[in-house]
Amino acid sequence: MAKIVELPRLSDTMEEGVIAKWHVAEGDKVKRGQLIAEIETDKATMEFESFDAGVVLRLLAPEGETMAIGTPIAVLGKPGEDVEAALAAHGSGGATAAPAEAAPEPAAKAAPEPAPEPAAAPTEAAAAPAPSATPAPPASPAEGDRAPGRIAASPLARRLAREHGIELSSITGSGPHGRVIKTDVEAAAAGRAAAPGAAPAAASVPAGVELDASGRPLLVRPDEPVKLSQMRKAIARRMSQANAEIPHFYLTTVVDMDRAVALRDQLKSAIEAKVSFNDLVLMAASRALRVHPEVNAYWDGQTVVRRGNVHLGVAVAVDEGLIVPVVRHADQKGLRELAEQARDLGLRGRDKKLAPQEMSGSTFTVSNLGMFGIDEFSAVINPGEGAILAVGAIADTVVVVDGQVGVGKRMKMTLACDHRVMDGATGAKFLATMRGLLEQPLAMLA
Amino acid sequence: MPLLQIREALRAAIDEEMGRDDRVFVMGEEVGYYDGAYKVTEGLLKKYGEKRVVDTPIAEAGFAGVGVGAAMAGLRPIIEFMTFNFSAVAFDQILNNAAKLRHLSNGQFTLPIVFRGPNAAAHMLSSTHSQAFESFYCGFPGVKVISVATPYDAKGLLKSAIRDDNPVIFFESEVMYSVKGEVPDEEYLIPIGKADIKRPGDDVTVITWGQGVAVALAAAQLCEADGLQCEVIDLRTLRPLDDEAVLTSVRKTNRAVLVYHGWPYGGTGAEISDRIQRLAFDHLDAPVERVCYEDVNMPYAENLENLVIPSPERAAEAIKRIAYVRV
Amino acid sequence: MSPPSAETSPAPVAGRDPDELRRLYTQMLRIRRFEEAAARAYTQGKISGFLHLYIGQEAIAVSTAELMKPGDRVVTTYRDHGFAVALGCDTGACMAELYGKKTGLVGGNGGSMHFFAKDHGLWGGYAIVGGHVPVAAGHAFASKYLGDGAVTLCFLGEGAMHIGATHEGMHLAGLWRLPIVFVIENNQYAMGTPLRRQTAVDDLTVRAPSYRLTSDRWVVRDVFETRARLAKAIDRARNDEQPGLVELLTYRFRGHSMSDPGKYRTKDEVEQWKERDPLFRAEAELRGQHGMSEEDLEAIDETVWGEMDDAVRFAEQSPHPEPEHRFLGHLVEDDLAAAAGHEPVQEGN
């Protein structure tokens, strides 16, 4: 079998090289140790002597082109041997293909650049946009050191205070710079135990136990770390990433839903289709995205990429967290089909019966907490998308129409936008289109 | 029990081990005919002859390397550096040969060798002859490091070092060779890697070794006036460190001061300080303090030298500071 | 550079037995092919670090191996593969060490520059220039102390003749009349610096009398001659308390290490030295004087290549050392603990 000569590594730091000069031609006979080429490395131009003997059947690499180490540069063998077979066996097309890719500098640079794969981004997590809760305040400031500024306390004092259930902020530190030290905590614990001395039970109460108004000890329950599900981990990771990397801004609008509510009632009785308000929102969003492709876009790390398809992610709460099944090509589907698919995806999602591909590839996401009575909220953008729509409940609202006070059905929607992808006006126009569609829903169905 | 000087205790250890194993030999500058620059090896040439008490030229790299090679070939050399300051010339032999050859050869060789001699400041020797080397020799794996402060420890630990199959760095002190202490007549060994509580106490842990031990004990005495009982721990072995002895004490006292000869930047003191904050964090009621050389080259002038070297007063100040005793 | 002045070419050495020449030739060829296989693996990115090849100097290691008695030791530099192969180390284990594998000569701890094979008399490849010279003197010191009759052979490059440790080691060896021969493998260049820019003398054996070492000096172009003259030096060190210093004029045909293009020397110079190449000359002698056929020579080469291909295969298929291995071997206790199944201990963690 013919032998493939690869571009050798000639220094410990060399990653690619250039054939400066071939010293053999096709058809030449080569001995072991014979100089066959000069190769430019990162350090010097080195002479490359053949490790094998044979006839040069083919020179694969032209002089002057940059190639990676290990790129086939020549084939040696007996005259008449099958070069293609040898290359195939070697598992490469040879340098004819390889250097073409690697040759011109910009191209060579672009190739290995780890381009974030658009499709991969949403694929990765089954989890996604969560209502962007501001970081939950600690359930109880147990350590007492979160109050304005950090309290100086020795590690031992902190531990003792924790054990006694005493808030550090309630102790005056006697150490340098007001540092709370062991003796301070011990004094506080002793004082605490001594204070309710009037109460008859106090004598038997161990130091550090808190009592209620009638002198009964309050139950102390320890904090418990929760073992994380994979979904929780994924949500934590991706939402942290989104919050850290995406410059969010938020736009809120109020939609008059009177006609939409009426339409839904008609549809219900007329076609026996189960159409939710959210389905109408999904439909409006899919149409509006076609009108405003600049919103159906994302930041790929270097530039804005407009998505060709409209795949709508629909956030669905499940026991462990939330999932975002995707209605693909939503803009090409009618209301009935959209509603059926959204419903089916939601049901199967709660039963954990969705295939990964049914939860990936969304280009825009709708999150609706209306059914939980939330009026309005803002959501975190799913990495790989440029915006997310957070939809609140439809509420009977006092409205003024033509100077008359009346009651109307109103719904608030908040669009979170990636400022790298779009500006306020872009998002506002998109919301205006959506509002128009939802306020004239028949036009949307036409 | 007889009272011996540290130099006598060391000599007794070498003598006993040479008598016990004829592969043990001493090599170094002036160890033979001169009877030792500090008289540690006095009389050994007469007793064991030139073969086993070998005078060398001033060639530390050479004889340190010869020691390494001889140890690889089965001998048990005791290499004396007239002072550890001269070991700098032989550092490559210790760092790249003694400490590495067992590992490099994947266990084909053992290196039963002791490098011993005085370490750290003596008195008015200026900067090149007053250096504390524990931070250098503790800073890499493949060696054990010992530093002794009493005749009893000196003898018991040197005997263990000679019997150890690894390279051992054994620190003594010029100014301590005449320190006297009780040494039993009967043979004993002190295990490498075990600290010793030189004075028990509940209030502050004082960790020390070598020349620092006397300073720490004096400081503990000074602190008694303030009602503070210091626990003085003499590490004796610096590598491997007796973590347990240190941590047990710190968990009791909730505070620690290190008193030692050596520069403050990095090194052995910093290492111990790190272990305390890491392994006893929730037990600390105050920062770990270090009382050591000031970060200067050792001056020759006596008054300046006294300022640079840790004193009992400086140590006592630090002890009181972390015990929150108002001074 | 012109041919060295010390062409003290001796009278033809007696006993040029064709079978023996063939054996020595094969040994030299094994080293060369090992190095070539290593170079190939290096260029393929399969091994890393520094790789210093012995190509051109093979006759020295082969002659040395011929002369060693049980207990004798070789201590050498980081250019150490040739001695390992000549002293009978398994080429698979040698290659596996270059690959950093568990099955390597030192379990992957040392790599190319730190070969140790105590049982084969290879007491180490040392990577700090001159640092091994006192150590070798120490081995000899032990031999004298123990009276074991062994000789230590300490190899060093001519570049190591200018560093302190070398002289301290030689000095002590001379002073104490230790059974040792220091062998300078003068391959003309300390990395890229030619001898004339390293030292004011061009005969390095002028150092010998100042340490009371015997001396000899010759061009290594014939494996028989090299063996015979080395034997004399070793004999005097072993039997007459006459430590020696030998300077061997030789040449490495490759760069200092793999990344060295060797621009500091001319093609002509390399070609001149290639004519002195003991391997080349042995082959010519086998072909010419002894009438060995091209097929027979090729058969030897194929056999040797087969061994090296096996060595490479062995190295490639060998497992990496277990992660825990990195904690082991620093102190005796580490290995005892490991043998007893205990967790390795690390200072500071």
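This is a predicted model: local features need pLDDT of at least 70, side-chain atom pairs count only at pLDDT 80 or more; totals for chains, interfaces and linings use all residues.
Two strands are taken to pair if DSSP finds at least two bridges between them. Strand β4, residues 180–186 of chain C, runs parallel to β3(C), and six bridges join the two.

Strand β1, residues 73–77 of chain C, pairs with β3(C) in the parallel sense over three bridges. Here C:Arg73 stands opposite C:Thr152 of β3(C).

The surroundings of this strand may be considered next. A residue counts as buried if 20 or more other C-beta atoms lie within 10 Å of its own. Six of the six residues of β3(C), which spans residues 152–157, are buried, and the strand is therefore largely enclosed by the rest of the structure. The cover extends to both faces of β3(C): C:Thr152, C:Cys154 and C:Leu156 are buried on one side, and C:Leu153, C:Phe155 and C:Gly157 are buried on the other.

Chain C as a whole provides the setting for this strand. Its secondary structure consists of 12 helices and eight strands. Of the 349 residues in chain C, 54% are buried. When contacts in chain C between residues at least 6 apart in sequence are considered, 74% of them join residues at least 24 apart.

Chain C also touches chain B, in a contact that takes 37 residues from chain B and 33 residues from chain C. On the chain B side, the elements that give two or more residues are α3 (60–72), α4 (91–98) and α5 (101–104). Helix α3(B) gives the most to this side, with 10 residues.

Helix α8 (residues 212–224) and helix α12 (residues 312–322) of chain B pack with their axes 8 Å apart, at an angle of about 55°. Because of that angle, α8(B) is oblique to α12(B). The crossing of the two helices is right-handed. From α8(B), the residues B:Val215, B:Ala216, B:Ala218, B:Ala219, B:Leu222 and B:Cys223 meet B:Pro312, B:Ala315, B:Ala316, B:Ile319 and B:Lys320 of α12(B). The residues of this helix contact comprise 10 nonpolar, no polar and one charged.

Definitions and conventions. Residues are numbered from 1 along each chain as its sequence is written. Chains are lettered from A and ligands numbered from 1 in the order in which they are written. Helices (H or I, at least four residues) and strands (E, at least two) are DSSP runs, numbered from the N terminus. A residue is buried if 20 or more other C-beta atoms lie within 10 Å of its own, exposed if 12 or fewer, and partly exposed in between; C-beta atoms are placed from the backbone. Two residues are in contact if their C-beta atoms, placed from the backbone, lie within 7 Å. Axes are lines fitted to C-alpha atoms, for helices over the stretch in contact, and angles run from 0 to 180 degrees between N-to-C directions. Angles under 35 degrees count as roughly parallel, over 145 as roughly antiparallel, 65 to 115 as roughly perpendicular and the rest as oblique. A crossing is left-handed if the near helix is turned anticlockwise from the far one by less than a right angle, and right-handed if clockwise. Ala, Val, Leu, Ile, Met, Phe, Trp, Tyr, Cys and Pro count as nonpolar, Asp, Glu, Lys and Arg as charged, and the others, Gly among them, as polar.
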